Amino acid sequence: MREKLDMPLKPAGVLVPLMQRADGLSVLLTQRASHLKHHAGQVSFPGGSMEDHDEDVRAAALRETHEEVG
């Protein structure tokens, strides 16, 4: 698969947040902005690419989730 990509892969992390509600568990999803270059308007798990200051992909997933949904 990597041979077919025209750009190098960048490490990223996503979070699958489970929310406890009165009627059971729910999964938290986000909707990507409609103006984005890639995957505009798609529903996704919160997360994203690692930045230089992220310790690992777990840290990236937590940081991105905080940025996206607080």
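Modeller: Buried means under 20% relative accessible area, and exposed means over 50%. Anything in between is partly exposed. Keep in mind that this is a predicted model.

Biologist: Okay. Is T65 buried or exposed, then?
Modeller: T65 is buried, because its relative accessible area is 9% and the cut-off for buried is under 20%.

Biologist: Where does T65 lie?
Modeller: In helix α1, which covers residues 57–69.

Biologist: And what is T65 in contact with, leaving aside neighbours within four places in sequence?
Modeller: L15, P46, G47 and G70.

Biologist: Let's zoom out. What pattern does the chain follow along the sequence?
Modeller: β-β-β-β-β-β-α. That comes to 6 strands and 1 helix. The radius of gyration is 14 Å, well over the 11 Å that the globule rule gives for 70 residues, so the chain is more spread out than a compact globule.

Biologist: What box do the C-alpha atoms fill?
Modeller: Roughly 45 × 30 × 25 Å, along the principal axes.

Biologist: How much of the chain counts as buried?
Modeller: 19% of the 70 residues. The chain exposes about 5900 Å², and carbon and sulfur atoms supply 55% of that.

Biologist: Switching to charges. How many salt bridges does the structure hold?
Modeller: There are 4. One of them joins the side chains of E51 and R63, at 3.4 Å from N to O. E51 sits in the loop between β6 (47–49) and α1, while R63 is in helix α1, so this pair ties together parts that are 12 residues apart in sequence.

Biologist: What else does R63 meet in a salt bridge?
Modeller: D54, with the closest N and O atoms 2.8 Å apart. R63 also meets E67, at 3.1 Å from N to O. R63 and E67 are both in helix α1, 4 residues apart, or about one turn of the helix.

Biologist: Which of these residues are buried?
Modeller: Both D54 and R63 are. R63 has 15% relative accessibility. E51 is partly exposed at 36%, and E67 is exposed at 51%.

Biologist: Which residues are linked in the salt-bridge network?
Modeller: E51, D54, R63, E64 and E67.

Biologist: Last one. How far apart are the mean positions of the positive and negative charges?
Modeller: They are 5 Å apart, for 8 positive and 11 negative charges.

Key
Residues numbered from 1 in each chain as written. Predicted model: local features only at pLDDT ≥ 70, side-chain atom pairs only at ≥ 80, totals over all residues. Heavy atoms only, no water. Helix = DSSP H or I, 4+ residues; strand = E, 2+ residues; numbered from the N terminus. Rg over C-alpha atoms; globule rule 2.2 N^0.38 Å. Buried < 20%, exposed > 50% of the residue type's maximum accessible area, 1.4 Å probe, protein only. Areas by Shrake-Rupley, 256 points an atom, 1.4 Å probe, with all protein chains shown as cover. Lys, Arg positive; Asp, Glu negative; His and termini not counted. Charge placed at Lys NZ, Arg CZ, Asp CG, Glu CD. Contact = heavy atoms within 4.5 Å.
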